[in-house]
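Welcome! Please take a moment with the sequence and the model, and then let us walk through them together.

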Amino acid sequence: MDCGQCWDCSTNEKCITKQDILSIYKSANLEEAIKKFDILNINDEANILGGKIFNKVYEARKGLFYDILHYDTIISTNLHGVYPNGKTLFRFIKGAIPKENRKKYKDIIKPIAKAKTKNRGQATGPCQVEKFPKNAVALCNRKGEVYTDGKDRYSVHYKDKEGKIIGRCQSNIVRSGVAGYFDAVAGMPCRQVGWSRDNLSKHDTLSELARDIESNHKNYEEESYLYHKEQANLNPSYLFKDSIYSTMTLNYDFRTACHTDYGDLDNGLSTLTIFEELEDNYTGLYLGLPEYKIAFDLRDGDTLIFNAHEFHANTEGEPLTDKLPIDDLTGKNFCGRMSVVCYLRDKIKNCPNEPFTGKLKRGKQVLNQQ
Ligand SMILES: [Fe+2]
């Protein structure tokens, strides 16, 4: 069926246009809004005018995995969540990415997102030897002293079967990669990351994705969009072409532990977009805000614009079929959930006008904290 700017043409009842949504917000026609949006727990008119207010109800702890039972509300459709002062906490945009564009993005994202990495720090949870390389037998400090105190650590060395101390510290292995640009961190220059430098035409396709995400940012969070644009234009050679974003973190079936993002725009909002390798092949992997006890069931093509400086984490995921292969990291079939965090790095404004595009010496380890 053809329904113009339809957000989700897969079901008739959710086939609503952006114009519908804007007009409903303006008219505050609560009954119509509830019928069309399936908004959860909205019970007064004030909420629909400025968004639904969410209060912090819990003190979360970094590094913990929060499971589904922690949350009171799962949000799976369009909703604007705000702080008591009216500022945006999140904006859930169902079907934000046009259906016809998704396949070309997935084809590019999958191999980057699926690559194993050991530099995701706190977001991977406390270091566990089982989540280290297969030859690891114990976690230790730089001198080889094995940790026996039971304390949570997020970046450590390890000993292999021969007793050799591995000289570079790392976190648990997960599947994640990065595209775009980075500012100067850990002695490395402001630069275009290796994948983008070596895959220019694919990088250009990701710029199209950045612009698709941006158009939602502009439509639904205009104040935030204008702030990003002003900041992004301070150093435009570090941006996905004609967009306000510098960087994408791409994850595959990555269940994050409780963490806050670091390095993105101060007072900015981040975007999280989901692509499914096979549609409806898994359940769970909700992105939760544990301090607000809300979690989001983002599905293929959905975008969440949110304050990533709030604690966030994923619930457990469960594949529904054995159509995708077994993941050697988990021993279970892949779910096939790709997530794209598309954002502007704060310190890029301090970088030289042209990014470094040469090859870097091996041996540097840069934490990616998105
Ligand atoms: Fe994050």
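What should the 21 residues of helix α6 (residues 200-220) span at 1.5 Å a residue? The expected span, which is 1.5 Å times one less than the number of residues, comes to 30 Å, and the end C-alpha atoms of α6 are 30 Å apart, which agrees.

Before going on, a word on what you are looking at. This is a predicted model, in which local features need pLDDT of at least 70 and side-chain atom pairs count only at pLDDT 80 or more, while totals for chains, interfaces and linings use all residues. Residues are numbered from 1 along each chain as its sequence is written.

The protein chain holds seven helices and 18 strands; these are DSSP runs numbered from the N terminus, with at least four residues of H or I for a helix and at least two of E for a strand.

Next comes helix α7 (residues 222-232), where Ser 224, His 228 and Ala 232 are buried. Seen down the axis of α7, these fall within an arc of 65 degrees, so they line one face of the helix; the arc is that of the directions from the helix axis to the C-beta atoms. Turned away from that buried side are the exposed Glu 222, Glu 223 and Glu 230.

What covers the buried residues of α7? The cover includes α6 and strand β4 (88-93). In β4, five of the six residues are themselves buried. Strand β3 (residues 79-82) runs antiparallel to β4 and is joined to it by four bridges, where pairing takes at least two DSSP bridges. β4 also pairs with β15 (residues 303-306), again antiparallel and over four bridges. Phe 90 of β4 is the bridge partner of Gly 81 and stands opposite Phe 306 in β15.

Finally, look at Leu 304, which touches Phe 90, Phe 92, Leu 272, Leu 287, Phe 296 and Leu 298, not counting residues up to four places away in sequence; a contact puts two C-beta atoms, placed from the backbone, within 7 Å. Together with Ile 109, Leu 304 has the most contacts inside the largest nonpolar core, which has 80 residues. Such a core is a set of buried Ala, Val, Leu, Ile, Met, Phe, Trp, Tyr and Cys residues joined through C-beta atoms within 7 Å.

Conventions:
A residue is buried if 20 or more other C-beta atoms lie within 10 Å of its own, exposed if 12 or fewer, and partly exposed in between; C-beta atoms are placed from the backbone.
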